[in-house]
Amino acid sequence: MNCYLEKRGISNENGIRGVRRGKRFGRVTFPRHKLSTWTFLFGTIFLLYFVVFGLKMPFHEKLEDSPLIQQRTHRDLWASEAGRPPLTPPPRRANTINTATTSTTTTTTTTPLPSSPPRGKRHRQHIPCEIGFAKSVDYIVEPSHLTNFTQFSLKYIDREEKASWNNNFDLRFGGHQTLIERQQSFYAKNQTLHCGFVKGPPGYPSTGFEINEKDKAYMKTCKIVVSSCIFGNSDFLRRPTSKQISGYSKNNVCFVMFVDEQTLSKLSLEGNVPDDGGKIGLWRLVVVRNLPYKDMRRTGKVPKLLSHRLFPSARYSIWLDSKMRLHTDPMLILERFLWRTKSEYAISNHYDRHCVWEEVLQNKRLNKYNHTAIDEQFKFYQSDGLTKFDPSDPNKLLPSYVPEGSFIVRAHTPMSNLFSCLWFNEVDRFTSRDQLSFAYTYLKLKSMNPDKSFYLNMFKDCERRTLAKLFRHRVLVLPSPRPAS
């Protein structure tokens with residue numbers, strides 16, 4: 001073989017490569033200049049074809065034949081066959097008084113809920129609804145039926161003595177209520193019960209929520225109150241819409257905003273400085289010192305639930321969260337939600353959830369509070385008879401077991417005051433998430449007093465949105481986890 005290659009004038013190494021290439025291409029070879037010519041020729045032919053027939057190429061299909069349009073068409077057809085409307089672009093958001101985006105209606109079932117919300121869930125926007133208010137404040141007359149409500153006497157534990165067996169006495173604003181005392185407190189009868197503002201033994205420091213004497217004197221004069229609070233600089237100051245408030249209400253209703261020193265300092269930096277009367281607009285700012293809880297949400301439950309303790313002479317009170325701006329006259333609110341319905345307590349249902357089981361999962365899903373503390377509270381309520389909400393039950397006592405507690409209207413009757421104390425004690429004992437304890441407190445109060453009525457009006461959430469404009473909080477105030485006791 002080497003001799004044969006030498007005769008061809010090819011070296012041994014190059015010859016081997018030549019043989020291999022010959023076997024690979026079947027010994028068919030083209031000169032390099034001919035290969036370039038053929039390549040140029042085929043390219044020219046392809047270019048001419050593209051120019052002449054390009055508009056009929058497959059990738060110039062009609063719009064309705066495109067894969068994207070086909071995909072949308074099939075998806076809409078699938079949705080229609082499944083009994084659902086075809087997918088449509090979300091509507092433009094209107095300028096309404098609400099910024100929430102969760103669904104307004106739910107169907108409560110007994111099936112377990114998923115651990116997280118489904119992906120791609122479309123939320124409907126919540127809008128206010130019309131309310132048939134009285135035409136004018138001038139024609140409103142306070143009814144006389146308040147005396148028909150359940151009557152009994154309530155007194156409150158003011159001071160606790162140190163137990164002889166307890167060497168490490170822990171001061172608590174809510175006091176040290178035993179389970180036996182807790183059980184007895186649910187009876188609507190003449191009694192003395194825990195309801196916040198509990199002092200320790202003589203010589204011990206204050207348990208908190210300290211207000212100066214000048215503000216206390218003013219609060220004792222209030223007969224009708226609109227109150228709110230900002231603790232921990234969690235919100236901007238939302239002044240009531242003055243043009244919507246009648247002259248009568250401006251002269252006869254106390255508008256009180258509770259703030260701590262941190263919030264007062266921040267408001268001053270933003271230009272909100274109280275006048276000589278301590279007012280900014282209609283709000284009279286009342287400074288609270290030595291807050292009773294590290295958890296600002298739990299501290300906020302003091303003015304929210306215990307207005308009858310803070311305003312001992314008041315007959316009525318309206319509470320709204322600081323994320324809301326009131327733009328309805330307080331007298332119209334009292335007439336519509338209490339007097340007309342012959343109620344002593346009014347609160348709206350939640351816009352999305354109606355079962356405590358759902359509320360528990362949502363609080364844990366969003367890490368609203370320590371999960372262990374939520375579980376302990378929930379298990380305690382279940383062991384004491386709390387069941388799931390059944391919307392089809394004709395004998396249900398409430399239209400929903402979950403309230404939207406940002407707006408509360410109250411007559412300071414014995415049953416209303418007792419319910420407020422009981423609800424606050426649950427917040428003090430367990431978690432600051434008051435929506436978890438509302439239904440349990442109400443149902444237990446009703447079951448333990450079957451012959452005594454408590455007239456609670458749970459109105460629609462869309463009506464709540466008509467009463468005040470809703471904003472977002474300035475910052476998120478995270479709760480301080482605290483185990484149940």
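The following legends describe close-up views of a predicted model.

**View 1. Packing of helix α9 against helix α14.** Two packed helices are described by the angle between their axes and the distance between the axes. Helix α9 spans residues 296–305 and helix α14 spans residues 414–429; their axes lie 10 Å apart and meet at an angle of about 175 degrees. Because angles over 145 degrees count as roughly antiparallel, α9 is roughly antiparallel to α14. On the α9 side, the contact is made by R298, K301, V302 and L305. On the α14 side, S420, W423, F424, V427 and D428 take part. By class, this contact of α9 with α14 comprises five nonpolar, one polar and three charged residues.

**View 2. Packing of helix α12 against helix α13.** Helix α12 (residues 356–365) packs with helix α13 (residues 371–383) at an angle of about 170 degrees, and the axes of the two helices are 10 Å apart. The two helices are therefore roughly antiparallel to each other. Five nonpolar, three polar and two charged residues make up the contact of α12 with α13.

**View 3. The open sheet of eight strands.** The strands of this sheet follow the order β5-β6-β4-β3-β7-β10-β9-β11, and their pairing is mixed. At the edges stand β5 (279–280) and β11 (456–459), each of which pairs on one side only.

**View 4. Pairing of strands β4 and β6.** Within the order of the sheet, β6 is written between β5 and β4. Strand β4 covers residues 253–259 and strand β6 covers residues 283–287; the two pair in the parallel sense over four bridges. V259 stands opposite V287, a residue of β6.

**View 5. The second largest pocket and its lining.** Rolling a probe the size of a water molecule over the atoms shows where empty space is left. The second largest pocket has a volume of about 550 Å³. Its lining consists of 25 residues, and those nearest the centre of the pocket are F197, K199, F209, I211 and K216. Helices α6 (213–220) and α10 (307–310) each supply at least two residues of this lining. The most is given by α6, which provides five residues. Divided by class, the lining of the second largest pocket holds 12 nonpolar, five polar and eight charged residues.

Technical notes: Residues are numbered from 1 along each chain as its sequence is written. This is a predicted model: local features need pLDDT of at least 70, side-chain atom pairs count only at pLDDT 80 or more; totals for chains, interfaces and linings use all residues. Side-chain values use heavy atoms; hydrogens and water are left out. Axes are lines fitted to C-alpha atoms, for helices over the stretch in contact, and angles run from 0 to 180 degrees between N-to-C directions. Angles under 35 degrees count as roughly parallel, over 145 as roughly antiparallel, 65 to 115 as roughly perpendicular and the rest as oblique. Contact means heavy atoms within 4.5 Å. Ala, Val, Leu, Ile, Met, Phe, Trp, Tyr, Cys and Pro count as nonpolar, Asp, Glu, Lys and Arg as charged, and the others, Gly among them, as polar. On a 1 Å grid over the protein atoms alone, a cavity is a set of points where a 1.4 Å probe fits but cannot get out, and a pocket is an open set with protein on both sides within 12 Å along at least five of seven lines; lining residues have an atom within 4 Å of a point. Grid points are joined across faces, edges and corners, and a volume is the space filled by probe spheres set on the points. Two strands pair if DSSP finds at least two bridges between them.
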